[in-house]
Amino acid sequence: MISHMRHKGWGSQAALLILIMLLGATFTACLGGGVVQRAPGGSGPAQDQDLLYVGSREGKVLALDPESRSRGLPFPSPKEWIYPRDKDKLKAIYGTPVVSGGNIYLGTFDGQVYALDAKTGFPRWQQPLEDDGPIIGALAVAGDTVFVAGGDKVYALTADSGQYRWQPFTAGERIWSGPVVHEGTVYFGSMDHNFYALDAQTGRLRWEPFAAGGAIVSTPLVRDGVVYFGAFDSKLYALNTETGQPRWREPFPGDGWFWGRALFNDGRVFAATVKGSLYAIDAGTGVPSWNRPFKVDGPVRFSPVLVGDTLVMASGDGAIYGIDAQTGAQRWKQSVAEKRISADPAVLGDTVYVHAEDGKVYALDAQTGAIQWGFPLKR
């Protein structure tokens, strides 16, 4: 079965590599045939209380104080730090760091998992994965366990020491989807076209993997007994979390691949495609909630965020959009960089933060789109 899924996944991987080259995002990965490309890296900002945590394209992790950055104070201010502190670097960081229990957890492209003290950046532990598989998606933390997808495996590590909790689960192909843990179940998709649900305590399958029509790289969304995810067959799926059976009569058809994580709000699911279309979908029925999707000029590979009643979405052309969540009408547009956006936006208060491929984190007013400041991460 595994060999069949590996063969089945190659078509999607070849198409994926072509898309990545077209988008200008050059990953380093063994995609079936050993194709290797270099990658700049860059994670989305993670927010916790009044700080931001972000991985830089130079292999550094930084804690940023938005107040200090808005005042233009020298870095680091008393609340801020950088790791590693010397000239050493980590490998590329793609997944947004996770803040939990006073620690920052993150994975790197060479299959290393790190736990850092959130206040100081001091390393708590480092754990290499079994086969050094690249970590693309964000980690997930539930209770005393860290879940991470690396290569074609999902791992469960103890949050306090990084030790293995159970034998890694092996899928049929690479996993770029970040795992999500909800009520004792780990959900994720794979390039083998399958969507999986594992028991968080044992790593065993909760139900038979669901076969989609294309590779799955989007991080799932779980809400009210339903798990939502998109695939490279240009469809958005909704499954019952207990059984793995479809909740909609048919999956929702988009105009292109669904890459970013969907967003739930007020009975609707918002999801975007790499062809630049943002859809509002009734969560219960799977039918559109807007008369037409919101269209942007560049591909969308990131998740939208909600600030009040404004959806904020980053496009591959370096622009950020503010969208009325009820109507789908554009409220504002702001170009933040000549290059593309690197990762999902983050929200802290009324401010949206984005990491662009020019190596800066930008702060934007969520209601107007005005740029408040931009901070270069290279140190």
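Reader: Why is phenylalanine 229 called buried?

Author: In this predicted model, phenylalanine 229 has a relative accessible area of 1%. Buried means under 20%, so phenylalanine 229 is buried.

Reader: What makes tyrosine 237 buried or exposed?

Author: Tyrosine 237 has a relative accessible area of 8%. The limit for buried is under 20%, so tyrosine 237 is buried.

Reader: How do you know whether the aromatic pair of phenylalanine 229 and tyrosine 237 is stacked or edge-to-face?

Author: The centres of phenylalanine 229 and tyrosine 237 are 5.3 Å apart, with 15° between the planes. Rings pair if their centres lie within 6.5 Å, and planes under 30 degrees apart count as stacked, so this pair is stacked. Ring pairs also link phenylalanine 229 and tyrosine 237 into a cluster with Tyr187, Phe195, Trp207 and Phe210.

Reader: What makes the pair of tyrosine 94 and phenylalanine 109 edge-to-face?

Author: By the ring rule the count comes to 23 aromatic pairs. In the pair of tyrosine 94 and phenylalanine 109, the angle between the planes is 65°, at 5.4 Å centre to centre. Planes over 60 degrees apart count as edge-to-face, so that name applies here. Tyrosine 94 is in the loop between strands S4 and S5, and phenylalanine 109 is in the loop between S6 and S7, 15 residues apart. Both tyrosine 94 and phenylalanine 109 are buried.

Reader: Why is strand S6 described as largely enclosed by the rest of the structure?

Author: Five of the five residues of S6 (residues 103-107) are buried, so the strand is largely enclosed. Asn103, Tyr105 and Gly107 cover one side, Ile104 and Leu106 the other, and all are buried. In a regular strand, side chains alternate between the two faces of the sheet.

Reader: How do you know which strands pair with S6?

Author: Three bridges join S5 (residues 98-100) to S6, and five bridges join S6 to S7 (residues 112-117). Pairing takes at least two bridges, so S6 pairs with S5 and with S7. S5 and S6 run antiparallel, as do S6 and S7. Serine 100 stands opposite asparagine 103, and glycine 107 has valine 113 as its bridge partner in S7.

Reader: What makes arginine 69 a charge over the ring of phenylalanine 375?

Author: Arginine 69 lies over the face of phenylalanine 375, 4.8 Å from the ring centre.

Key: Residues numbered from 1 in each chain as written. Predicted model: local features only at pLDDT ≥ 70, side-chain atom pairs only at ≥ 80, totals over all residues. Heavy atoms only, no water. Buried < 20%, exposed > 50% of the residue type's maximum accessible area, 1.4 Å probe, protein only. Helix = DSSP H or I, 4+ residues; strand = E, 2+ residues; numbered from the N terminus. Phe/Tyr/Trp six-rings, centres within 6.5 Å; stacked < 30°, edge-to-face > 60°. Lys NZ or Arg CZ within 6 Å of the ring centre and 35° of its normal.
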